[in-house]
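Student: I would like to learn how to read the features of this model. Please take me through them in turn.

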Number of protein chains: 2
Amino acid sequence: MTTLKEFMTQEMPKIEAVMLRLVEDIQAPAMLKEAMSYSLKAGGKRVRPLFVLAVMDHFGKNHDNGYVVGAAVEMIHTYSLIHDDLPSMDNDDYRRGKLTNHKVYGEAYATLAGDALNTLPFGIIARMNELSATQKVTLIELLSVAAGAEGMVGGQVLDIDGETRHLTLDELVQVHVNKTGAILRFSIESGAVLAGASDEERAILRDYAYHIGLAFQIKDDILDIEGTTEELGKTAGKDVASDKSTYPALLTLDGAKEKLDTHYKEALAALGKLPSDSTLLEELATYIVKRNK
Amino acid sequence: MTTLKEFMTQEMPKIEAVMLRLVEDIQAPAMLKEAMSYSLKAGGKRVRPLFVLAVMDHFGKNHDNGYVVGAAVEMIHTYSLIHDDLPSMDNDDYRRGKLTNHKVYGEAYATLAGDALNTLPFGIIARMNELSATQKVTLIELLSVAAGAEGMVGGQVLDIDGETRHLTLDELVQVHVNKTGAILRFSIESGAVLAGASDEERAILRDYAYHIGLAFQIKDDILDIEGTTEELGKTAGKDVASDKSTYPALLTLDGAKEKLDTHYKEALAALGKLPSDSTLLEELATYIVKRNK
C-alpha cells in the first residue's frame, strides 16, 4: 500500500509539471505567462490537487484526469493568494518565503495574472477530451460555486469584515467554511466525480471535506501562534498582532486544539462509512492536523 | 421588421433585469452582492448582450437563452472595468458618470467583486437547463479563451506595455483584437452557438465580429479626441494627454476615420454572405461607428 509520503513524493512533481505545461501551452504574452507561472511555481503544500488524486486513488482510478483538475484547482487557489497579497488586501511582501507576485511584477500585472488564473481553469476543464460533456459541466458548476461569491470570494469578504469587528464562533465558522473550505470540498468532490462515485459516496466525502476544511483552518490559526516565521514562510503572530477573530482568540489555544481534534475525528468517522480501505485519505487528514507549516 | 432602436428599447431592460436577478439569486454576503450589482447597474451601452440577441434574432430564435448568456458576458466585461479602474491600473474615479466601484466600496471589495463577476458567468452557463451539455461546454470554452490570458486579459497586458513605449500598428491591432475584440467575438459567436448556426455561418459571423471589434476600438479612440467628457461619462482627451499609442496617434485623425470606414465596410461585406436578411446586424454595425459616446 502506498504511504502518504511516497504518494506525495510521486505525485507532487507530476502535478507541478501538468500545471506549468497548461500555462505554457496557452497563446498569451510571454510576460503574463511568466507572472502566472511565478506564483504557481512558488511551492506550497499542493494539498488541493493531492486530495483530488487521493480520492481517485481510493476508487482505484488512473490519476491522469486528476492532474488536470488538480492543476485547475491549484490555479484558483493561487489566483486568490496573488490578489490576497495585494497592498489593498493583506499587503504581504512574502509568501512561502518568496517575494509576492506584485513585489516582482507590479500591482497591475499581479491583478491581471490573478484574473487570468481565475478564468483559465474553466477552459482547461472544458477542453478535457477524456471526460463526457456532462462530467465537465458538473465540475465547472461545482468549481464556479466553490471559487466565487458563494464560496471562496464570499468567505474572503466575511473575513475582511472580521478585521473591523469581533466575530462570533458561528460567524467564524461561516468565514472558514467558505474561505478555505469551499475549494477543499471541490477538490475532494471533483475526485469523486472523476472516479464516477455514487451519490452516497459523494455525500460521505463532502462530510469528510467539511471537517477537513475546518481542521485545516483551525490548524492554520494555531500555527500562527505556535509556528515560527521561518517554518511558515510567512510572518507568524500576525493574527494576534492584528487582534483578528480566530479560533484561539475565541476559544483559547487549548479550546482551539480540542476543536481541531473533534473535526479530525469527525473526518475519520466519515471515512469509516466508505465501503473500501481509505488509508490514504486518513493519512491526509492526519497530515493536515499534524503539519508544522 | 424591428428597427435597432425598437430592439434596444425592448431588450435592454430585459438584459438588465436578468443580469441583476442572476446576482440576487446567489447565496453570498449582502455587501458583496451590492458591490457586484452596483457596477452592473452603472449603465453602459450593453453592446455585448445586444450582439448575442441580434444574432439569435437573425436566426429567428427565441431570445430567452440569449438574455442569460448576454448577462454572463456583460458580467465579464463589468469585472474587467472594475479591475481596470483600480488605482494600480488606470486609477479612474468615474465610469459612465458614476463613481467607480473602489471609490464607493474600497479597493479590497472592488477587487473581490471583480473576481466574483469573473467566476460567476461560468456557473451561470453550466446551470442553463435548456442547453445540451455539449452546447454549455462549447460556450464555456469560448468564454474562457475570450476572457482570459489568450483574449481580454492578454490584451490588457499588451495595452499596459503600450503605455511605456510606442506600439507599431500591427502591435496596436493585436492589443485591440484581444482587449476589446475577443469578448465582442464571443458575444457574436455565442449567439450563433445558441441558435444552432452552421460552421459556415459561424465563420462568417466571426469575420463580421473581427471587423466590428476593431471598428469599435477605433471609434473609441476617435471619441477620446472628438467627444466631450460630459457625453462620454469619462475624461475625454486622456489618450493624447498620456501620449498613448492609438489609431489617431499612429495614422492621424483622418487616417483613423478611413480605417474605421474600411472595417465598417468589411463587416457589412461579411454579413452579405449570410443567406437571410441581416438588417439588425447591419444597423448594429452602423450604431457602433456612428455613436457619439
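Tutor: Two residues are in contact if their C-beta atoms, placed from the backbone, lie within 7 Å. Here the contact takes 43 residues from chain B and 43 residues from chain A. This is a predicted model, where local features need pLDDT of at least 70, side-chain atom pairs count only at pLDDT 80 or more, and totals for chains, interfaces and linings use all residues. Residues are numbered from 1 along each chain as its sequence is written, with chains lettered from A and ligands numbered from 1 in the order in which they are written.

Student: Which helix gives the most to the side of chain B that touches chain A?

Tutor: Helices are DSSP runs (H or I, at least four residues), numbered from the N terminus. H6(B) gives the most, with 12 residues.

Student: How is the contact of H11(A) with H15(A) described by angle?

Tutor: Axes are lines fitted to C-alpha atoms, for helices over the stretch in contact, and angles run from 0 to 180 degrees between N-to-C directions. The axes of H11 (residues 199–226) and H15 (residues 279–290) of chain A come within 8 Å and cross at roughly 25°. That makes H11(A) roughly parallel to H15(A) (angles under 35 degrees). Among the residues making this contact are A:Phe216 of H11(A) and A:Leu281 of H15(A).

Student: Why is H4(B) called largely enclosed?

Tutor: A residue is buried if 20 or more other C-beta atoms lie within 10 Å of its own. In H4(B), 19 of the 21 residues are buried, so this helix is largely enclosed by the rest of the structure.

Technical notes. Helices (H or I, at least four residues) and strands (E, at least two) are DSSP runs, numbered from the N terminus. Angles under 35 degrees count as roughly parallel, over 145 as roughly antiparallel, 65 to 115 as roughly perpendicular and the rest as oblique. A residue is buried if 20 or more other C-beta atoms lie within 10 Å of its own, exposed if 12 or fewer, and partly exposed in between; C-beta atoms are placed from the backbone.
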